[in-house]
Amino acid sequence: LVKFSPAVFSNLTLSDPMPKKNHSLTRQVTLSALMLLAGAVAAAQPKGWTPETMISFKRVGETALSPDGKCVVYAVSTPVMAGEKSEFLTHLWLVSTDGKTNYPLTRGEKSCTNPKFSPDGQYLSFASARGKEGKNQLYLLRLSGGEAEPVTPAKADVGTYAWSPDGQRLAFVMADSLTFQQEKDQKEKRDVRVVDARPDYQHLYTVAIRADAGGQHSVKRLTTGDFHVTEMAWSPDGQTLAFAHQQSPSADAWPTSDLSAVPADGGDRTSLVATKGSDIIPLYSPDGKWLAFVSDEGKPTWARRADVYVMPAGGGTPRKLAPTLDQSPGLLRWSANGAEIYLAEANQTSRGVFALPVNGNPPRLLTRQPGVFTNASFSQDGKTVACVFADVETPPDVCVGPTTDFKPRKLTAVNAGYPSYPLGKTELISWKSKDGKYDIEGLLTYPVGYRKGKPCPLILNIHGGPAGVFSRSYTAGGSIYPIQAFAQAGYAVLRPNPRGSGGYGADFRAANLNDWGFGDYDDLMAGVDQTIAMGVAHPDSLCVTGWSYGGYMTSMIITKTNRFKAAMVGAGVTNLVSFNGTADIPSFIPDYFGGDFWDRPEVYTKHSAMFHVKGVRTPTQIIHGEADVRVPLSQGQELYTALKRLGVKTEMIVYPRTPHGPQEPKFIEDIGQRTLGWFDTHLRHPAASMAQGKK
């Protein structure tokens, strides 16, 4: 709000009418007041990127290319922040591939996601919790006109799903609903919970597209037992469903996924692949003779080394195909002729779609342009692919192109009304690791209006994972780290991919095993030194932040050096011992460090910030979600309490309802504002104004 001096309106009092002879004066005074008002309002408006302006950014999600390749349905998530609302509302749009039509398909106060075309292209299915029960269900929308209707039972939330080849059924997974006694216990406040006593298993079902005489869609359950179904694939003849399943729905059940098959009309389950490790993403070949899948070959690790295999559809010995670049493939579909398998994978700071030949030859990159290609979908003949493309200066939009020689053609302009302020330039830089083993890459964003040779404050921004990766995504989109808002405020931002990051191959991803906070620390510091040597970063104006594993690294950094003037630890692991006993993934740390803390107590303490916190001097802000089960709130509380007792400048902000990744746009905006405010407060260095040519 703008505050005005009373003098602005001293000659214009609306409650006192002016004499007629002063009409000219009235007009002059009114004009002067309006000019002053306009000037004051203009002065109050943001003149560049801020967390507040960036939060209005619309996110572009899943795509579904029609079987004939003539239109694409895509998801757009819009922040809703009025009054009591703070959510991203997702709705589906349809754009023709000739670019002539583009309009919304769904509306309302409930999100609609996961669109899929029926094989004949007449129907669109999607998931939504728009029903009175509030459960996520599958809906059918006839594209020729009419209202969307639910087709699945509203007993529990529906998960992943797939159309049958003949378009007569949908296969889907759904968790078992509560029994009558369990519902009664909930109402009577007798609903005690015995940990791990009743896992909420998801099982496989089918539902008929055509309703019966009573208007009901026939549902058939295909699997039962003590296992959790995660994904499925129809055989081309529609007779069989292959599916992946694990021991429990727990996030810690990651090493246990196997593959089985079941008749689509019901029958006994047949085991297809049951190795010690993780076997996932089954896909039948077009002729139905082969089944492709992804496997770690019985050697499960969080750092993950996985390859694509093919085997006879009915079972047999799998054959491994050529390794992909990152050995972390996400299968999409087979080519129409069965010669290749399309997959998505990170490729250093880009992400793209690859074609992997089944004859053993190396993969080829379809999306050759640097940037991020996501949410790919294909026409029925496999000749056309639609996806979402973005790079550091290009907001995400739907594009389409041929799979043989992919040249993306943009179809949408989702953020056409978004601010178009000048961007701080982002470039890819690299440096040698301290031990000489690796070439490390990072994305460096310069301040808006940066003048070469003028050192400026630097924010070292560390990704999570640790197998995450900073990619060439749009830098002006709203997020907990609003990169262009930092750049607008005069900061350079370095986002490195140190050892342990994804996108650079399995060996690089595993290079920080038993080494958190040491080799990766050296990689990060070498990147900071590189930006100083470039004349970009001022050595006395350094800040550091990160979320999750990035928060872990930030907490370790402040115990190792005082060169940073301010730090923000976002949802960070600070104590490996207590984390291992409270997180929802208790096998995570033992996998990286070769044992539990009772086997290797000295290793756990060496790599935990809480055991080295005594020498910390860096002013540190701690931000955490109250509902975080991945990195529990207590991890932040431990660090906050210790720093407070040590007399270090610190503050802790806790966001209610918030899991490990913040979901509410009001909170996302607030995190960016608080982080920037903390850095501004504790940096206090003239380099910030020097970067923009100010005195």
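**Aromatic rings and their surroundings**

Modeller: In this predicted model, the charged end of arginine 130 sits over the ring of tyrosine 139, at 5.5 Å from the ring centre. Arginine 495 has its charged end over the ring of phenylalanine 470, and there the distance to the centre is 5.6 Å.

Next come contacts of ring with ring. A pair of aromatic rings is described by the distance of the centres and the angle of the planes. The structure holds 28 aromatic pairs. In one of them, phenylalanine 172 and tyrosine 205, the ring centres are 5.4 Å apart and the planes meet at 10 degrees, so the pair is stacked, the cut-off being under 30 degrees. Phenylalanine 172 belongs to strand E10 (residues 169-175) and tyrosine 205 to strand E11 (residues 202-208), so this pair ties together parts that are 33 residues apart in sequence. Phenylalanine 172 and tyrosine 205 are both buried.

An edge-to-face pair is made by phenylalanine 579 and phenylalanine 588, with 6.5 Å from centre to centre and 70 degrees between the planes. Phenylalanine 579 has 1% relative accessibility and therefore counts as buried, since the limit is under 20%. Phenylalanine 588, at 7% relative accessibility, counts as buried too. Phe579 and Phe588 also belong to one aromatic cluster, whose members include Trp254, Trp302, Trp516, Tyr549, Tyr552 and Trp598.

Trp516 leads on to the nonpolar packing. In soluble globular proteins, nonpolar side chains tend to be buried together. Here the largest nonpolar core has 57 residues, and Leu460, Trp516 and Ile557 touch the most other members. Helix H7 (residues 549-560) gives the most to this core, namely 6 residues. Leaving out residues up to four places away in sequence, leucine 460 touches Leu494, Pro496, Leu524, Met525, Val528, Cys543, Val544, Thr545, Ile557 and Phe564.

With its neighbours within four places in sequence set aside, proline 79 is in contact with Ile55, Ser56, Phe57, Glu87, Phe88 and Pro665. The relative accessibility of proline 79 is 15%, so proline 79 counts as buried. Between proline 79 and glycine 436 there are 45 Å in space, C-alpha to C-alpha, and the two are 357 residues apart in sequence.

Ile55 is among the lining residues of the largest cavity, together with Pro51, Met54, Gly478, Ser479, Pro482, Ile668 and Glu669. Helix H2 (51-54) and helix H12 (665-683) are the elements that give two or more residues to this lining.

The largest pocket has a volume of about 1,900 Å³. It is lined by 50 residues, of which Lys116, Ala162, Leu283, Leu332 and Arg333 are the closest to its centre. Elements that give two or more residues to the lining of the largest pocket include strand E1 (59-65), strand E5 (112-117), strand E9 (158-163), strand E17 (279-284) and strand E25 (372-378). The largest share of that lining comes from E25, with 6 residues.

Conventions. Residues are numbered from 1 along each chain as its sequence is written. This is a predicted model: local features need pLDDT of at least 70, side-chain atom pairs count only at pLDDT 80 or more; totals for chains, interfaces and linings use all residues. Side-chain values use heavy atoms; hydrogens and water are left out. Rings of Phe, Tyr and Trp (its six-membered ring) pair if their centres lie within 6.5 Å; planes under 30 degrees apart count as stacked, over 60 as edge-to-face and the rest as tilted. Helices (H or I, at least four residues) and strands (E, at least two) are DSSP runs, numbered from the N terminus. Buried means under 20% relative accessible area, exposed over 50%, partly exposed in between (1.4 Å probe, protein chains only). A charge sits over a ring if NZ of Lys or CZ of Arg is within 6 Å of the ring centre and within 35 degrees of the ring normal. A nonpolar core is a set of buried Ala, Val, Leu, Ile, Met, Phe, Trp, Tyr and Cys residues joined through side-chain atoms within 4.5 Å. Contact means heavy atoms within 4.5 Å. On a 1 Å grid over the protein atoms alone, a cavity is a set of points where a 1.4 Å probe fits but cannot get out, and a pocket is an open set with protein on both sides within 12 Å along at least five of seven lines; lining residues have an atom within 4 Å of a point. Grid points are joined across faces, edges and corners, and a volume is the space filled by probe spheres set on the points.
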